[in-house]
Amino acid sequence: MIKKLIQRVFNSGKKQSKQASLKSDGLTTSNAQRIASKVHRIDKKLLSHGALKTTGGLQKAGFEAFVVGGAVRDLLLKRRPKDFDIATNATPEQVNRIFRRSRIIGRRFRLVHVIFGEETIEVSTFRGSHLNEENESRSKIADSGRILRDNVFGNQEEDALRRDFTANALYYDPSTEEVLDFHQGVADIQAGVLRMIGDPVTRYREDPVRMLRAVRLSAKLGLAIDKATEDPIPKLADLLHDVPPSRLFDEMLKLFLSGHAIESAVALRKHGLHHGLLPLLDVVLEQPIGAKFVNLALKNTDTRVNEGKPVSPGFLFATLLWHEVLVAWQKYEKQGNRPMPALHMAMTEVADMQAEKLAIHKRYSATMKEIWGLQPRFEMRAGKRPFGLLEHPRYRAAYDFLLLRCQSGEISAELGDWWTAFASADGEKRVDLLKPETTQKPRRRRSRRKLKSAHSAS
Ligand code: ATP
Ligand code: MG
């Protein structure tokens with residue numbers, strides 16, 4: 001079946017060897033292969049309303065406009081794209097003038113967001129080469145080769161050349177239903193290969209995040225990374241240290257929420273990309289309980305994503321960092337701090353350390369800390385306290401987290417079972433479940449440790 005498709009694409013290429021003449025700036029005739037709809041079989045009905053409106057609006061105004069990148073790739077792979085990007089020869093200002101509900105965003109990479117109800121379409125102007133560009137507001141390149149600003153406009157062929165993988169450099173024109181393929185991306189997709197456009201080492205130096213993208217897209221799409229694309233990754237992994245933490249965070253979030261978090265985490269380790277990025281993957285995956293906990297959490301996330309259920313990034317990062325917190329918590333307790341203050345010190349330490357590499361957005365780190373901070377409260381099973389915990393806005397997330405701790409063997413399953421029973425019981429049954437005041441006091445734990453620390457302090 002795949003072979004047949006490759007053959008069809010190949011034959012169609014031969015038939016259509018006449019070159020597409022693209023007149024973005026009147027200077028270039030491109031080497032794009034034009035692939036007709038009966039060959040690529042993209043179902044136009046799968047395009048979103050916003051994607052059709054945007055390409056239609058731009059074309060009506062006399063510009064070129066194509067659906068580009070991941071959406072075309074996903075459509076060829078018979079997957080429903082999660083969002084649509086549009087490439088055009090109109091400048092951001094021109095795009096902005098055409099669509100009433102649009103705004104120009106970004107500095108490193110200026111583009112336009114066009115809003116259609118719930119849907120946001122990203123429109124980017126064809127990018128060109130940085131050679132000979134001296135204006136710093138358009139092009140800025142670090143000594144390492146990393147592109148700091150990418151706002152040099154160009155024609156479509158140049159735009160295709162600066163995209164990362166051949167599978168991501170495909171342009172679909174909804175009006176003609178043709179795919180324009182500049183780098184044999186369709187053939188690579190059909191052959192199941194993810195291949196970097198150009199020299200992989202140079203391309204990774206320009207943007208080290210492409211290494212993470214290679215791992216993520218290959219895990220998500222089931223594409224094998226081409227050898228020349230894969231080989232340099234471990235040697236260049238350190239380049240990721242120079243990437244701004246907020247950009248790394250966005251990419252890691254995509255990676256963990258791809259529905260293929262486990263494969264991605266394994267692949268990150270295999271390619272040596274986890275060092276320093278998520279120190280927890282270094283340490284945690286080497287300890288049996290830590291590894292089990294992270295694996296359970298990632299599996300859980302994958303199941304939810306694949307069932308179309310929402311996933312909380314705060315919860316996810318809380319799980320990924322939990323065993324770091326446990327280690328630091330113990331350390332602070334050993335230093336003589338009481339459990340709750342020690343936990344809070346540990347939480348701050350882990351969150352701060354992580355922030356240096358990977359800036360977890362504030363709104364997520366707040367959730368993360370709440371989930372951690374509630375864990376000791378599950379041990380208090382007498383009096384009014386359990387009722388209070390049930391009412392806490394983060395109870396559900398903290399309870400799910402508790403169950404993962406039980407499943408991984410970190411704590412006794414009895415505690416999780418008790419809370420499951422308590423939460424589902426009603427009225428008097430709940431009261432019956434309560435533990436007697438004397439035996440439950442968290443101070444039991446505290447006093448034991450207090451004793452120890454008093455001991456060591458003396
Ligand atoms: P996803 O399905 O996860 O959205 P994607 O390939 O669409 O994957 P986006 O971040 O949405 O990823 O990027 C859209 C397109 O922009 C890509 O398909 C690719 O053509 C181009 N692109 C994105 N990031 C880079 C990069 N770092 N270097 C070069 N091209 C890139
Ligand atoms: Mg995309």
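I take a polar contact to be a pair of N or O atoms within 3.5 Å. I keep that cut-off at hand while going through this model, which is a predicted one.

**Entry 1: the ligand's contacts**

I started with Asp-207, where a polar side-chain atom lies 2.7 Å from a nitrogen atom of ligand 1. That pair falls within the 3.5 Å cut-off, so I log it as a polar contact. Next I looked up how much of the ligand is covered: ligand 1 taken alone exposes 580 Å², and the protein buries 85% of that.

I found an N or O atom in the side chain of Arg-163 at 2.9 Å from an oxygen atom of ligand 1. For Asn-168 I noted a backbone N or O atom, which lies 2.9 Å from an oxygen atom of the ligand.

**Entry 2: the shell around the ligand**

Which pocket holds ligand 1? I find it sitting in the largest one. I listed 17 residues around ligand 1, and the ones that come nearest are Arg-73, Lys-82, Asp-207, Arg-210 and Arg-216.

Then I sorted the shell by residue class. I have 13 charged residues, three polar ones and one nonpolar.

Which helix gives the largest share of the shell? My note says α9, with five residues. I also wrote down the helices that each supply at least two shell residues: α4 (70-76), α9 (209-221) and α12 (245-256).

Is His-113 buried or exposed? I count His-113 as buried because its relative accessibility is 13%, and the cut-off for buried is under 20%. I place His-113 in strand β5, residues 111-116. Its side chain makes a polar contact with the side chain of Glu-122, at 3.4 Å.

I moved on to Tyr-204, which lies in helix α8, residues 200-206. Its relative accessible area is 0%, so I put Tyr-204 down as buried. I also checked Tyr-204 against Asp-164: they are 40 residues apart in sequence, and their C-alpha atoms are 9.3 Å apart in space.

With a relative accessible area of 6%, Arg-405 is buried.

How values were computed. Residues are numbered from 1 along each chain as its sequence is written. Chains are lettered from A and ligands numbered from 1 in the order in which they are written. This is a predicted model: local features need pLDDT of at least 70, side-chain atom pairs count only at pLDDT 80 or more; totals for chains, interfaces and linings use all residues. Side-chain values use heavy atoms; hydrogens and water are left out. A residue is near a molecule or strand if one of its heavy atoms lies within 4 Å of it. A polar contact is a pair of N or O atoms within 3.5 Å; within protein, one must be able to donate a hydrogen and the other to accept it, and residues adjacent in sequence count only if both atoms are side-chain atoms. Accessible areas come from the Shrake-Rupley method with a 1.4 Å probe; for residues, only the protein chains shown count as cover. On a 1 Å grid over the protein atoms alone, a cavity is a set of points where a 1.4 Å probe fits but cannot get out, and a pocket is an open set with protein on both sides within 12 Å along at least five of seven lines; lining residues have an atom within 4 Å of a point. A molecule sits in a cavity or pocket if more than half of its atoms lie within 2 Å of its grid points. Helices (H or I, at least four residues) and strands (E, at least two) are DSSP runs, numbered from the N terminus. Ala, Val, Leu, Ile, Met, Phe, Trp, Tyr, Cys and Pro count as nonpolar, Asp, Glu, Lys and Arg as charged, and the others, Gly among them, as polar. Buried means under 20% relative accessible area, exposed over 50%, partly exposed in between (1.4 Å probe, protein chains only).
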